[in-house]
Amino acid sequence: MTRRELARMAALSAAAGGLRAASGDVSVDCAFPGGNIMVDSIEGATVSLRQDLRDTAGDWFYWHFRVRGAAGRTLAVRFTRSAVIGARGPAVSLDRGLSWQWSETADAARQSFTYAVPSGSQEARFCMTIPYLESNLRAFLKRYRRSRFLRTGVLCRTAKGRSVELLEAGAVGDETRPVILLTARHHACESIAGFTLEGLLGAVLDAGEPGGRLRRNFRFLAVPFVDKDGVEDGDQGKNRRPRDHNRDYSGASVHASPAAIRKLVGSWPAGRLRFALDLHCPWLRGAGNEEIHFVGGPAKESWARIERLAAVLESIQTGPLPFRARNNLPFGKSWNTAANTSQGKSFSGWAAELPGIWAAGSLEIPYANAGGAVVTADAARALGSDLACSLGEVLES
Ligand SMILES: [Zn+2]
């Protein structure tokens, strides 16, 4: 069989739903946690592929794949479904997903890119953003495994039998302390939120201030992966059918995690939940999506308090990603209207109405470019640390 026939066969098998396609020595696959790709064809080092939408209603842009056998060659990659490359090109990892760099390469249409794979790299991973998976969380928890201010538990099991982590930090086990509830990955693909959550929890757990005060005064509960199956399986998560995880807070919950969160919080006396914050990433790129911003709900008092928190964050921030409160998106503006909640209540919309809560909101953290600054894992963590300081300031006063 000729090389060309082999390539055609590989392309056919990929089109038939296979995850792996190979031509000569170049292969593309997504058979690892968080992986997502469908290969259309491979001709030499030229690859055509597209994001796997699975049960997404409409289009979305998450993809994450591995290329092997391309050492020393220049890959030409083209996405055949839609323009899914973000503001800084693909994120690239040459160490099996441990560290990531923005390649800053893409065509103007944001649908193709080239990448020269270093001669020593047997494997390169490409993703639309910097992934954050269970393995990242494990590495974070390992750093604090001796801390008496951290406890790792299980919120619930998913439909596929995975554990959804429930972390407790600060005044661990102290039922008299007010709770700050932090959630991320209601939308599976929104991985930058994971680094910001790490930064926030790290500030609570680290020696010195504000950690000392925060640990004394608050019990932090965090669900880093609300849609755990989606994160590990590499789903889009956003606009999932039959229901988006972040529309699952009214009526009977379809998914296990929102049901478990509602049950847990519902078992507390009114007012124990002081503050709830849901971490997200916005759309892929472009105006409004390259600025960090809080998103408001219809509850007016809650939004006024979120704006206070935002003002403090803007004034005290030390991290490299600029936050400007004027970029916040109050309820009623842009996409953030009643029409957007018709599919069901969001986590923060639900939480903001709980009796005795101080405020609830969501924060959007861009995928690649925030106020002109480069989004990296550390930069997103620094935002979390600044958030912790701000929370301390507004909630303790
Ligand atoms: Zn989201």
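Me: At what angle do α3 and α9 pack, and how far apart are their axes?

Reply: The angle is about 45°, and the axes of α3 and α9 are 6 Å apart. Axes are lines fitted to C-alpha atoms, for helices over the stretch in contact, and angles run from 0 to 180 degrees between N-to-C directions. This is a predicted model: local features need pLDDT of at least 70, side-chain atom pairs count only at pLDDT 80 or more, and totals for chains, interfaces and linings use all residues. Residues are numbered from 1 along each chain as its sequence is written.

Me: Why is α3 called oblique to α9?

Reply: Take the angle of about 45°. Angles under 35 degrees count as roughly parallel, over 145 as roughly antiparallel, 65 to 115 as roughly perpendicular, and the rest as oblique. Therefore α3 is oblique to α9.

Me: What is the handedness of the crossing of α3 and α9?

Reply: It is right-handed. A crossing is left-handed if the near helix is turned anticlockwise from the far one by less than a right angle, and right-handed if clockwise. Among the residues making the contact are Phe-195, Leu-200 and Val-204 of α3, and Ala-380, Leu-383 and Cys-389 of α9. Two residues are in contact if their C-beta atoms, placed from the backbone, lie within 7 Å.

Me: How do the residues of the contact of α3 with α9 divide by class?

Reply: There are 13 nonpolar, five polar and two charged residues. Ala, Val, Leu, Ile, Met, Phe, Trp, Tyr, Cys and Pro count as nonpolar; Asp, Glu, Lys and Arg as charged; the others, Gly among them, as polar.

Me: What makes α3 a mostly covered helix?

Reply: Of its 14 residues, 13 are buried. A residue is buried if 20 or more other C-beta atoms lie within 10 Å of its own, exposed if 12 or fewer, and partly exposed in between; C-beta atoms are placed from the backbone. In α9, 14 of the 20 residues are buried, so α9 is largely enclosed by the rest of the structure.

Me: How do you know that the span of α3 agrees with its number of residues?

Reply: The expected span of a helix is 1.5 Å times one less than its number of residues. For the 14 residues of α3 that gives 20 Å, and the end C-alpha atoms are 20 Å apart, which agrees. Helices (H or I, at least four residues) and strands (E, at least two) are DSSP runs, numbered from the N terminus.

Me: What angle and axis distance describe α7 and α9?

Reply: They pack at about 125°, with axes 9 Å apart. That makes α7 oblique to α9. The contact includes Leu-309 and Ile-316 of α7, and Leu-387 and Val-394 of α9. Its residues divide into eight nonpolar, one polar and three charged. α7 passes α9 in a right-handed crossing.

Me: Why is Trp-303 called buried?

Reply: Trp-303 sits in helix α7. It has 21 C-beta neighbours inside 10 Å, so it counts as buried. Leaving aside neighbours within four places in sequence, Trp-303 is in contact with Gly-296, Gly-297, Pro-330 and Phe-331. Trp-303 and Ala-359 are 56 residues apart in sequence, yet 7.1 Å apart in space, C-alpha to C-alpha.

Me: Why does Pro-118 count as exposed?

Reply: Pro-118 has 11 C-beta neighbours inside 10 Å, so it falls in the exposed class. Its place is the loop between β9 and β10.

Me: What makes the phi of Asn-239 and of Ser-334 worth a look?

Reply: Most residues other than glycine have a negative phi, and most peptide bonds are trans. Asn-239 has a positive phi of about 55°. It lies in the loop between α5 and α6. With 18 other C-beta atoms within 10 Å, Asn-239 is partly exposed. Ser-334 also has a positive phi, near 55°. Its loop runs between α7 and α8. Ser-334 has 10 C-beta neighbours inside 10 Å, so it counts as exposed.

Me: Which peptide bond joins Arg-241 and Pro-242, cis or trans?

Reply: It is cis, with omega about 5°. Pro-242 is in the loop between α5 and α6. The bond from Glu-209 to Pro-210 is cis as well, with omega near 10°. Pro-210 is found in the loop between α3 and α4.
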